[in-house]
Amino acid sequence: MTVKDLVLDHLTYTFERDAWQPSLSHAVEGLTAAQAAWKPSPERHSIWQIVRHVILWKQGVLDAWSGKVPDYKEFERMDWQEVTGDDAAWQADVRKLRNVSLRLKRRVQAATSAAMGKKIPTYTTVPDQVLATRLTRMATHDSYHAGQIRYVRALQGV
């Protein structure tokens with residue numbers, strides 16, 4: 001197994017397929033906008049906020065990989081904003097999550113094995129990282145938030 005194969009496997013099992021941990025795509029399945037916007041308390045994040053957070057940072061990985069280095073402070077400013085909307089708006093964000101995840105996976109599939117060992121920029125003021133490291137950390141971030149989403153679902157009884 002190559003490093004590229006390992007990265008692709010990790011992307012698959014953290015976003016698309018359940019293994020011992022829930023996948024992110026399955027964690028958001030079947031929710032209404034009201035369920036996605038619900039918060040266990042005012043200072044906590046909703047599922048919808050978590051989804052937008054993941055989209056933002058995944059897009060940041062794609063941008064950095066393309067040479068457009070995101071400003072870390074700007075990303076922090078844009079992160080965790082309140083959300084409102086109907087089921088169509090919620091489903092649009094679920095599609096964005098799937099699309100950015102698919103674009104990342106396709107980009108890895110098209111990359112050479114040698115590319116996995118090269119450093120890419122991350123964010124302004126953050127040191128460059130080896131691409132394979134960056135991608136596996138991002139996928140692990142998916143697992144972390146999939147667990148949060150499953151817990152918030154459980155708190156709602158869904």
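Modeller: Let us begin with a term: a nonpolar core is a set of buried Ala, Val, Leu, Ile, Met, Phe, Trp, Tyr and Cys residues joined through side-chain atoms within 4.5 Å. Please keep in mind that this is a predicted model.

Biologist: Which residues have the most contacts inside the largest nonpolar core?

Modeller: They are V7, W65, V108, M116 and L135, in a core of 21 residues. Helix 1, helix 4, helix 6 and helix 7 are the elements that give two or more residues to this core. Apart from it lies another core, which has 20 residues, including A36, V51, W90 and I149. To return to V7, its contacts beyond four places in sequence are V108, M116, A132, L135 and T136.

Biologist: How should I read a helix, and which residues of helix 6 are buried?

Modeller: The general idea is that an α-helix has 3.6 residues a turn, so residues three or four places apart point the same way. In helix 6, the buried residues are W90, D93, V94, L97, V100, S101, L104, K105 and V108. These buried residues pack against helix 1, helix 2, helix 3, helix 4 and helix 7. Helix 6 itself runs over residues 87-110. Its 24 residues reach 34 Å from the first C-alpha to the last, close to the 34 Å expected at 1.5 Å a residue.

Biologist: What does the side chain of D86 reach at the start of helix 6?

Modeller: A side-chain oxygen of D86 comes to within 3.2 Å of the backbone nitrogen of A88.

Biologist: Why does K39 count as buried?

Modeller: The cut-off for a buried residue is under 20% relative accessible area. K39 counts as buried because its relative accessibility is 19%. K39 belongs to the loop between helix 3 and helix 4. Its side chain reaches the backbone oxygen of R44 at 3.4 Å. Leaving aside neighbours within four places in sequence, K39 is in contact with R44, H45, S46, Q49 and E82.

Biologist: Is A64 buried or exposed, and what does A64 touch?

Modeller: A64 is buried, with 1% relative accessibility. This residue lies in helix 4. Not counting residues up to four places away in sequence, A64 touches P70, P121 and T122. A64 and M138 are 74 residues apart in sequence, and their C-alpha atoms are 13 Å apart in space.

Biologist: What should I look for in backbone angles, and what is the phi of W80?

Modeller: Most residues other than glycine have a negative phi, and most peptide bonds are trans. W80 has a phi near 60 degrees, a positive value in a residue other than glycine. W80 lies in the loop between helix 5 and helix 6 and, at 28% relative accessibility, counts as partly exposed. The phi of T125 is near 70 degrees, again a positive value in a residue other than glycine. T125 is in the loop between strand 1 and strand 2, and at 77% relative accessibility T125 counts as exposed.

Key
Residues are numbered from 1 along each chain as its sequence is written. This is a predicted model: local features need pLDDT of at least 70, side-chain atom pairs count only at pLDDT 80 or more; totals for chains, interfaces and linings use all residues. Side-chain values use heavy atoms; hydrogens and water are left out. Helices (H or I, at least four residues) and strands (E, at least two) are DSSP runs, numbered from the N terminus. The expected span of a helix is 1.5 Å times one less than its number of residues. Buried means under 20% relative accessible area, exposed over 50%, partly exposed in between (1.4 Å probe, protein chains only). Contact means heavy atoms within 4.5 Å. A polar contact is a pair of N or O atoms within 3.5 Å; within protein, one must be able to donate a hydrogen and the other to accept it, and residues adjacent in sequence count only if both atoms are side-chain atoms.
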